[in-house]
Amino acid sequence: MAMLEVRDLRTSFFTPSGEVKAVNGISFDLEEGKVLGIVGESGSGKSVTAYSILQILTHPGRIVGGSIKFRGEELVGCEPETIRKIRGNKISIIFQDPMTSLNPVYTIGNQLMEAIILHTGRNKAQAYERAAEMLTLVGINEPEKRLSQYPYELSGGMRQRVMIAMALACEPDILIADEPTTALDVTIQAQILELMQDLQKKLGMAIIMITHDLGVIASLCDEVIVMYAGSVCERGTADAIFYRPKHEYTKGLLRSIPNIDNDEHERLIPISGTPIDLLNMPKGCAFAPRCERAMKVCLTQKAREVRVGCDHLSACWMNVMEGQKLGKIICDPNGEITAIDLEGTLDQEWKGGGAL
């Protein structure tokens, strides 16, 4: 059984202008020791998904539907005391900006020890030892000296390491890393990602890696979810997403990444149009207004996720059209599309449904 089960999660912000559906029916599972990547542009609902899991949404946001289960225990609608015991102890988060996530008027030691004392019951002396141990674990030299310093006395990379140490201090089962390399230079980014990879293997925890940069998760994640306008466009293994993308939005993200092998004069191809207005969502596919291959059905009906390969799902009408052309659409007895065998990798149980 999965450690974390999210089903049809819906989170909205109720503003004077109307309801903003920031997360609109996302589902996924996270197994022990696995790394799940959630990618998408700003405003796609990645961070709101993380905040919904930990229930740290601020007014006027709230969960309006769906289920979040941690080890079989329902978190949506649970007592505040229940989620407080889980938050920071069983499920921790590294917030997006280390420059502002640390309190500037408290020392590093004070902020680290607070979480340790609150969740583990250690006394002040034991919490101090644990805090120094965690700073050493994340590669910060002279830990005793750092514990007495304030955030402004540390570099951006060191503050990010402090945030990681704080998140790992109570040995959580799940670590949510929300844009952990934001505002860091490329060299420090690589060090932080390598550190997280080493700690994940050493501690055996599961990680949800949230980022807008596909390159960040290329070698880190077991599964990748691509989000747009609060919904899942595509999901699959890192190899499937990078080498066999099926959704037009995923293809657009990949085309916009600089390639060192390309000719030096070759221009990047941006995704045309502007991000979707979440207050005025279209009836069909949210990406249709920006998609160069959009069809009439894309404007009126939202495609649901179907299998397009082994451990690879996509919610795109283009896949349906390609499957029809190739005669590789697979339906259940009721005529509902269940899979599209574009890669020729589906199991026999999927191939037994018949063709449309």
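User: How many residues lie between E9 and E10 in their hairpin?

Analyst: This is a predicted model, in which local features need pLDDT of at least 70, side-chain atom pairs count only at pLDDT 80 or more, and totals for chains, interfaces and linings use all residues. Residues are numbered from 1 along each chain as its sequence is written, and side-chain values use heavy atoms, with hydrogens and water left out. Strands (E, at least two residues) and helices (H or I, at least four) are DSSP runs numbered from the N terminus. In the turn of the E9-E10 hairpin, Ala229 has a positive phi of about 55°, and the number of residues between the two strands is 2.

User: Which residue of E10 stands opposite Val224?

Analyst: Two strands pair if DSSP finds at least two bridges between them. Strand E9 (residues 223-228) runs antiparallel to E10, and 5 bridges join them. Opposite Val224 stands Gly236.

User: Which residue of E12 stands opposite Glu234?

Analyst: E10 is also joined to strand E12 (residues 312-314), by 3 bridges in an antiparallel arrangement. E10 is mostly covered, with 6 of its 6 residues buried, where buried means under 20% relative accessible area, exposed over 50% and partly exposed in between (1.4 Å probe, protein chains only). The residue opposite Glu234 is Ser314.

User: Which residues touch the most other members of the largest nonpolar core?

Analyst: A nonpolar core is a set of buried Ala, Val, Leu, Ile, Met, Phe, Trp, Tyr and Cys residues joined through side-chain atoms within 4.5 Å. The largest core has 70 residues, and helix H7 (residues 156-168) gives the largest share, 7 residues. The members that touch the most others are Ile164, Met196 and Met209.

User: Which residues does Ile164 touch, leaving out those up to four places away in sequence?

Analyst: Contact means heavy atoms within 4.5 Å. With those sequence neighbours left out, the residues touched by Ile164 are Ile94, Val138, Ile192, Leu195, Met196 and Leu199.

User: Which element gives the most residues to the lining of the largest pocket?

Analyst: On a 1 Å grid over the protein atoms alone, a pocket is an open set of points where a 1.4 Å probe fits, with protein on both sides within 12 Å along at least five of seven lines; lining residues have an atom within 4 Å of a point. Of the 20 lining residues, Arg87, Gly88, Ala115, His119 and Met166 lie nearest the centre. Strand E6 (91-94), helix H4 (108-120) and H7 each give two or more residues to this lining. The most, 5 residues, come from H4.

User: How many charged residues line the second largest pocket?

Analyst: Asp, Glu, Lys and Arg count as charged; Ala, Val, Leu, Ile, Met, Phe, Trp, Tyr, Cys and Pro as nonpolar; and the others, Gly among them, as polar. The lining has 17 residues, of which Asp29, Glu31, Glu223, Arg235 and Asp311 lie nearest the centre of the second largest pocket. By class, this lining has 5 nonpolar and 2 polar residues, and the number of charged residues is 10.
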